[in-house]
Amino acid sequence: MAYTTIDNPELHFQTQLYTGNGGTNAITLDGSENMQPDWVWCKRRDSSAAHYVWDVVRGAATQLYPASASSEDASQTNGLSAFGSDGFTLGSDSGPNANSGTFVSWNWKAGTSFTNDASSTGVGSLDSSGSKNTTAGFSIISFTGTESGTPSIAHGLSSKPEWILSKARDVSDNWMVFHGSFSAQDYMIFNLTSAKASASSVWNSLPSSTVINMGDNAGVNDDGAMIMYAFHSVKGFSKFGSYTGNGNADGTFVYLGFRPAWLMIKQSSGAGNDWLIYDNKRDTFNVGNKLLIHAAAAEATGQSFNYIDLLSNGFKLRGNDARNNGSGGTMIYMAFAESPFVNSNGVPNNAR
């Protein structure tokens, strides 16, 4: 029986806590394995501040803001200035590196460059390029959109994506989300608290094992530079699914097949509910309550209504917060592993 293809998730994803210094700040990931982070997402914990993301395809000093519709800042040399073989270097920008501020960074590995000439390969209708990690089911995709028709692009992965984040780089426009639990043409907006909606102008049809299909909405197909981050589930390492909340402290249990290192939850069936982020470094024991909202707010703690247990094989809700356990509500989640429930040698992990 194959339990997992990834025994050590820290080869592909790591959370790193750090303290800002207001100047040059070389951050080294402290996991058990060296890992070059190809997608870096940082957030200040102790004060209100933006979320920041960088990737190796767009390049250092080119930052986006995942909780904002704002266009790319392509010349922020004081943000992330370099990607390293086991970390990254920040400059003096107070957003991701305020002196004495406490921060968290979430880091994913892609690493293998790819290009697709659509006219030559017959895969997709628009050319695409980027960086991919087919072992971990993650790719960073760059392309030039047309803001017309129903184009498609190669995503570089070996399976159908189950979580896609899409952003127009040159204009202020919403981040568009596809999730594996959605029907064709369903979408959500990453920088808003709105519920799931449907429009053929966004995801014209479901993605396939080779391409992502778009409409003419600028959030997925602007007439200019576009970036997408695409993921599919990998047994023992990542999972993208949904569950129904029950609205009480003996909350829903969700089986993942691994102990989660990072977890994002969003109610998709009702508007006004934040995107919630948990990880295993800010909260090292159950019941967990250190929560970052996908907005500028500082880290929240001590809120019993959004308590959660991160378990050896999944997670369990311990509160009645409508955002993650509303009675009868549908929640989507995105999760990455700290360790598989059972490794490839048949050895189980421990609960925390």
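**Salt bridges at a glance**

Arg 45, Asp 279, Arg 282 and Glu 299 are joined in a network of salt bridges. Keep in mind that this is a predicted model. The count comes to 15 salt bridges. As background, side chains of opposite charge can pair when their charged atoms come close.

**A pair within one loop**

- Glu 72 and Arg 58 make a salt bridge, with 3.0 Å between the closest N and O atoms.
- Both sit in the loop between β4 (51–55) and β5 (80–84), and the two residues are 14 residues apart.
- Glu 72 counts as buried because its relative accessibility is 13%, under the 20% cut-off.
- Arg 58 is buried too, at 8% relative accessibility.

**A pair from strand to loop**

- Asp 186 bridges to Lys 196, and here the closest N and O atoms are 3.6 Å apart.
- Asp 186 belongs to strand β14 (residues 186–189), while Lys 196 is in the loop between β14 and β15 (197–198), 10 residues apart.
- Asp 186 is buried, at 9% relative accessibility.
- Lys 196, with a relative accessible area of 38%, is partly exposed.

**A pair from strand to strand**

- Glu 338 forms a salt bridge with Arg 259, their closest N and O atoms lying 3.2 Å apart.
- Glu 338 is in strand β25 (residues 330–340) and Arg 259 is in strand β20 (residues 258–267), so this pair ties together parts 79 residues apart in sequence.
- Glu 338 counts as partly exposed, at 29% relative accessibility, whereas Arg 259 is buried, at 12%.

Note on methods
Residues are numbered from 1 along each chain as its sequence is written. This is a predicted model: local features need pLDDT of at least 70, side-chain atom pairs count only at pLDDT 80 or more; totals for chains, interfaces and linings use all residues. Side-chain values use heavy atoms; hydrogens and water are left out. A salt bridge is a side-chain nitrogen of Lys or Arg within 4 Å of a carboxyl oxygen of Asp or Glu. Helices (H or I, at least four residues) and strands (E, at least two) are DSSP runs, numbered from the N terminus. Buried means under 20% relative accessible area, exposed over 50%, partly exposed in between (1.4 Å probe, protein chains only).
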